[in-house]
Number of protein chains: 2
Amino acid sequence: MHFTVKEAIEVLERTPQTLEHFLSGLSDGWLRCNEGEGTWNVSEVIGHLIEGEKNNWIPRLEFILQEGESKPFPSFDRYSHLNGKPERTIEQKLLEFKSLRTLNISKLQKLVEPEARLEVTGAHPAFGVVKVRELISTWVVHDLTHMAQIVRVMAERYRADVGPWHQYLGILKK
Amino acid sequence: MHFTVKEAIEVLERTPQTLEHFLSGLSDGWLRCNEGEGTWNVSEVIGHLIEGEKNNWIPRLEFILQEGESKPFPSFDRYSHLNGKPERTIEQKLLEFKSLRTLNISKLQKLVEPEARLEVTGAHPAFGVVKVRELISTWVVHDLTHMAQIVRVMAERYRADVGPWHQYLGILKK
């Protein structure tokens with residue numbers, strides 16, 4: 001086990017600015033490409049990260065600390081960002097993500113004091129008993145998984161363009 | 001096919017600053033973890049990107065434009081960054097990567113004028129005829145593949161910490 005609150009926050013606080021530097025100002029070609037029918041483009045991934053800040057991580061953390069294992073926390077709709085939102089620029093979305101994340105990190109820091117709270121358990125609606133420390137670790141890895149998705153979606157766009165080099169590029173293997 | 005020089009440069013110019021914002025100041029725990037024996041940690045990945053700027057992309061591009069298919073360009077040692085370099089901080093490495101990349105983008109812009117040069121062919125030592133446009137596309141996807149590697153290596157560190165959530169996290173599937 002490697003988790004510490006300090007090191008988890010190191011990643012959580014870097015994700016929005018990292019994505020901002022990578023994605024702001026990119027051509028629509030990069031932002032609107034996807035991996036085929038039913039897959040998300042880069043802009044939609046940011047929409048999903050925003051939903052997580054609003055409805056997933058901190059609400060669940062608060063729920064566990066309040067309810068313990070007494071009742072399962074509500075499930076999170078992983079597709080809600082696709083429902084009828086007015087279209088916004090990537091810069092607007094990244095700004096919203098950054099503001100929400102900053103606020104949530106300060107909430108997180110308060111919620112895990114004292115540190116014994118990391119061991120509090122709750123009831124996940126699908127797979128049962130989970131700990132606060134597992135929820136926060138998952139928040140970090142969830143950031144990483146969607147950063148991986150973003151670069152994978154972008155790489156896919158050049159699958160044919162790289163010609164014979166595709167065999168050397170792990171990201172194009174699937 | 002999607003490649004354009006303009007859009008390729010959009011990614012190439014963002015990679016160093018993106019990695020700088022993500023990795024500067026991270027704990028050694030994040031920077032020194034790897035995926036097991038014989039795999040690279042985050043700091044070694046940046047070393048590899050630096051080697052690419054020095055010995056791979058622009059030198060190969062110049063070689064193709066000079067020699068055409070008449071002789072194969074020299075192969076690139078993908079492990080050279082592991083050989084006896086004095087240890088440097090991640091910030092020093094990121095700074096070197098950024099400086100080299102800036103210089104190489106300005107070289108690239110000169111080398112692909114006029115645009116007909118994108119169709120010039122060279123001889124890859126392993127798989128034969130390749131085009132300039134394929135080499136530049138590969139440079140872009142190579143950035144993306146190593147960004148994917150960095151977040152995957154970091155996610156691996158929390159494999160046990162996420163508890164039952166591992167089944168929802170694509171980045172932990174292997």
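Helices here are DSSP runs of H or I with at least four residues, and strands are runs of E with at least two, both numbered from the N terminus. On this basis chain A has 6 helices and 2 strands. The model shown in every view is predicted.

Figure 1. Read from the N terminus, the order of elements in chain A is α-α-α-α-α-β-β-α. The C-alpha trace of chain A extends over about 55 × 35 × 30 Å along its principal axes. Chain A comprises 174 residues, of which 55% count as buried. When contacts between residues at least 6 apart in sequence are considered, 73% of those in chain A join residues at least 24 apart.

**Figure 2. Symmetry relation of chain A and chain B.** Chain B is superposed on chain A by a rotation of 180° with 0.0 Å of shift along the axis, and the RMSD is 0.0 Å. The two copies are therefore related as by a two-fold rotation axis. Of the interface residues of chain B, 100% are also interface residues in chain A, so the copies meet through the same surface.

**Figure 3. Extent of the interface between chain B and chain A.** The size of an interface is often given as the accessible area lost when the parts come together. For chain B and chain A this buried area is about 5,000 Å², and carbon and sulfur atoms give 66% of it. On the side of chain B, the residues losing the most area to chain A are Tyr158(B), Asp161(B) and Trp165(B), which together account for 15% of what that side buries. In terms of contacts, 57 residues of chain B touch 57 residues of chain A.

**Figure 4. Polar contacts and contributing elements at the interface of chain B and chain A.** Between the two chains, 23 residue pairs are in polar contact, both residues being at pLDDT 80 or more. Elements of chain B that each supply at least two residues to the side touching chain A are helix 1 (5–23), strand 2 (128–131) and helix 6 (132–157). Helix 6 of chain B provides the largest share of that side, with 16 residues. Classified by residue type, the side of chain B that touches chain A contains 30 nonpolar, 16 polar and 11 charged residues.

**Figure 5. A salt bridge between the chains.** The interface of chain B and chain A holds 2 salt bridges. Arg157(A) takes part in a salt bridge with Glu7(B), in which the closest N and O atoms are 2.7 Å apart. Over all chains, the count of salt bridges comes to 29.

Figure 6. Apart from neighbours within four places in sequence, the residues in contact with Asp143(B) are Val11(B), Leu12(B), Thr15(B), Leu49(B) and Arg101(B).

**Figure 7. Ser75(B) in the loop between helix 4 (57–67) and helix 5 (90–111) of chain B.** Ser75(B) has a relative accessible area of 60% and is thus exposed. Apart from neighbours within four places in sequence, Ser75(B) contacts Arg60(B) and Pro125(B). Ser75(B) and Pro125(B) are separated by 50 residues in sequence, while their C-alpha atoms are 6.4 Å apart in space.

**Figure 8. The salt bridge of Glu87(A) with Arg32(A).** The closest N and O atoms of this pair are 2.9 Å apart. Glu87(A) is exposed, at a relative accessible area of 59%, whereas Arg32(A) is partly exposed, at 36%. A network of salt bridges connects Asp28(A), Arg32(A) and Glu87(A).

**Figure 9. Salt bridges of Glu87(B) and Arg88(B).** In chain B, Glu87(B) forms a salt bridge with Arg32(B), with 3.0 Å between the closest N and O atoms. This pair joins distant parts of the chain, Glu87(B) being in the loop between helix 4 and helix 5 of chain B and Arg32(B) in helix 2 (residues 28–32) of chain B, 55 residues apart. Glu87(B), at 57% relative accessibility, counts as exposed, while Arg32(B) is partly exposed with a relative accessible area of 36%. Arg88(B) and Glu96(B) also meet through their side chains in a salt bridge, at 2.7 Å from N to O. The relative accessible area of Arg88(B) is 29%, so Arg88(B) is partly exposed.

Key. Residues are numbered from 1 along each chain as its sequence is written. Chains are lettered from A and ligands numbered from 1 in the order in which they are written. This is a predicted model: local features need pLDDT of at least 70, side-chain atom pairs count only at pLDDT 80 or more; totals for chains, interfaces and linings use all residues. Side-chain values use heavy atoms; hydrogens and water are left out. Contact means heavy atoms within 4.5 Å. Buried area is the accessible area (1.4 Å probe) that two parts lose on being put together, summed over both. A salt bridge is a side-chain nitrogen of Lys or Arg within 4 Å of a carboxyl oxygen of Asp or Glu. A polar contact is a pair of N or O atoms within 3.5 Å; within protein, one must be able to donate a hydrogen and the other to accept it, and residues adjacent in sequence count only if both atoms are side-chain atoms. Ala, Val, Leu, Ile, Met, Phe, Trp, Tyr, Cys and Pro count as nonpolar, Asp, Glu, Lys and Arg as charged, and the others, Gly among them, as polar. Copies are superposed by least squares on the C-alpha atoms of residues with pLDDT of at least 70 in both. Buried means under 20% relative accessible area, exposed over 50%, partly exposed in between (1.4 Å probe, protein chains only).
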